[in-house]
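Let's take a walk through this chain together, from its overall layout down to a handful of residues. Keep the viewer open as you read.

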Amino acid sequence: MTELIAYTDGACSGNPGPGGWGALLQAIEGGAVVKERELKGGEAGTTNNRMELLGAIHALEALARPTTITIVTDSAYVKNGVTSWIHGWKRNGWKTANRKPVKNVELWQRLDEAQARHNVTWKWVKGHAGHPENERADALARAGMAPFKPGG
């Protein structure tokens, strides 16, 4: 059986500032990577949290059909938001417990829609800790940001 894992990350130069997102998708059979796909992009004026969300969104939206997938992120914001906070936000009409509008609501709604098609397991890893696939996702995010940096 093939296991599908997406390692996602976001980066920002200044917060806000130019930013990028990256996703490394791997199909694994028998413990070995049999196929990989790299995704990246960026924006001129954004925040780190928005880029973290877009990494996960693009990984899920890249899947052509409903799939069982593990999303690995170094963003507690994304993992906690999508596995816990989002349920209350939806119940409260996309408002926080303090009745304030949810920040990045359009991206949270897009992520919610993207994951609804799939069977998603969310995992958190410590960023910048030598995890090879997370480091590759970070490199993709930085490459996605590069064209939007001054002189890029």
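## Fold and overall dimensions

Starting at the N terminus, the elements follow the order β-β-β-α-β-α-α-β-α. That gives 4 helices and 5 strands in the chain; here helices (H or I, at least four residues) and strands (E, at least two) are DSSP runs, numbered from the N terminus. The chain has a radius of gyration of 15 Å, close to the 15 Å that the globule rule gives for 152 residues, so it is as compact as a globular protein of that length. For that comparison, the radius is taken over C-alpha atoms, and the rule is 2.2 Å times the number of residues to the power 0.38. The C-alpha trace spans about 50 × 40 × 30 Å along its principal axes.

A note on the source: this is a predicted model, in which local features need pLDDT of at least 70 and side-chain atom pairs count only at pLDDT 80 or more, while totals for chains, interfaces and linings use all residues. Residues are numbered from 1 along each chain as its sequence is written, and side-chain values use heavy atoms, with hydrogens and water left out.

## Burial, contacts and charge

Of the 152 residues in the chain, 45% are buried. The classes are buried (under 20% relative accessible area), exposed (over 50%) and partly exposed in between, with a 1.4 Å probe and protein chains only. The accessible surface comes to about 7900 Å², and carbon and sulfur atoms account for 51% of that area; the areas come from the Shrake-Rupley method with a 1.4 Å probe, and for residues only the protein chains shown count as cover.

As for charge, the mean positions of the 19 positive and 15 negative charges are 7 Å apart. Lys and Arg count as positive and Asp and Glu as negative, with His and the chain ends not counted; each charge is placed at NZ of Lys, CZ of Arg, CG of Asp or CD of Glu.

## Two buried strand residues

T73 belongs to strand β4 (residues 68-73) and is buried, because its relative accessibility is 0%. A polar atom of the T73 side chain lies 3.0 Å from the backbone nitrogen of S75. Apart from neighbours within four places in sequence, the contacts of T73 include T8, E52, K123 and W124.

L4 sits in strand β1 and also counts as buried, because its relative accessible area is 16%. Leaving aside neighbours within four places in sequence, L4 touches Q26, A27, L63, T67, T68, I69 and T70. L4 and V33 are 29 residues apart in sequence, yet their C-alpha atoms are 9.5 Å apart in space.

## Backbone details in the loops

N15 and P16 are joined by a cis peptide bond, with omega about 15°, and P16 is in the loop between β1 (3-12) and β2 (17-29).

W94 is a residue other than glycine with a positive phi, near 60°. W94 lies in the loop between α2 (76-91) and α3 (105-116) and counts as buried, because its relative accessibility is 18%. H128, likewise not a glycine, has a positive phi of about 55°. The place of H128 is the loop between β5 (119-124) and α4 (132-145), and H128 counts as exposed, because its relative accessibility is 60%.

How values were computed. A polar contact is a pair of N or O atoms within 3.5 Å; within protein, one must be able to donate a hydrogen and the other to accept it, and residues adjacent in sequence count only if both atoms are side-chain atoms. Contact means heavy atoms within 4.5 Å.
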